[in-house]
Amino acid sequence: MFNKIARDAVCLVTNPGNPIGSLSQSQVQAIFSGSVRKLEPGAGRAGDRTIDVIVRSAPSGTQDAFQKLFMGEQQVTPSASQKASSGLVAQTVRSDP
């Protein structure tokens, strides 16, 4: 028998130059599967720029949780840049408008 003692969170982040109010699960799947490569300009977002998908590396467990919670049957694009820590993800996102 297991007793829940804590919760963990998975969040999606963007560079401050590309604010996004909300995304549906289908939009998240489209972005992270690589089928959508650009965001529509507007709401303060930089125009015509390609989305760079950045994820935690598989050994972290976060990628597995993200796959189960958000992606369903779709897979994260193999072109996603994998980072070994949340700090490296944050640093990469901050430096990539």
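Tutor: The buried residues of helix 3 pack against strand 1 and strand 2 (81-83), contact being heavy atoms within 4.5 Å, and helices (H or I, at least four residues) and strands (E, at least two) being DSSP runs numbered from the N terminus. This is a predicted model, in which local features need pLDDT of at least 70, side-chain atom pairs count only at pLDDT 80 or more, and totals for chains, interfaces and linings use all residues. Residues are numbered from 1 along each chain as its sequence is written, and side-chain values use heavy atoms, with hydrogens and water left out.

Student: What puts the buried residues of helix 3 on the same side of it?

Tutor: Those residues are Val89, Thr92 and Val93. They lie on the same side of helix 3 because they cover an arc of only 100° around the axis, the arc being that of the directions from the helix axis to the C-beta atoms.

Student: Why is serine 86 called partly exposed?

Tutor: Buried means under 20% relative accessible area, exposed over 50%, and partly exposed in between (1.4 Å probe, protein chains only). Serine 86, found in helix 3, has a relative accessibility of 48%, so it counts as partly exposed.

Student: And serine 57, is that residue buried or exposed?

Tutor: Serine 57 has a relative accessible area of 15% and is therefore buried. It sits in the loop between strand 1 and helix 2 and, not counting residues up to four places away in sequence, touches Gln63, Gln82, Lys83 and Ala84.

Student: What makes a set of residues a nonpolar core?

Tutor: The set must consist of buried Ala, Val, Leu, Ile, Met, Phe, Trp, Tyr and Cys residues joined through side-chain atoms within 4.5 Å. The largest such core here has 10 residues, among them Val28, Ile31, Phe32 and Phe66, and its largest share, three residues, comes from helix 1.

Student: How do you know which residues line the largest pocket?

Tutor: On a 1 Å grid over the protein atoms alone, a pocket is an open set of points where a 1.4 Å probe fits, with protein on both sides within 12 Å along at least five of seven lines, and lining residues have an atom within 4 Å of a point. For the largest pocket that gives 33 residues, of which Val13, Thr14, Phe32, Ile54 and Val93 lie nearest its centre.
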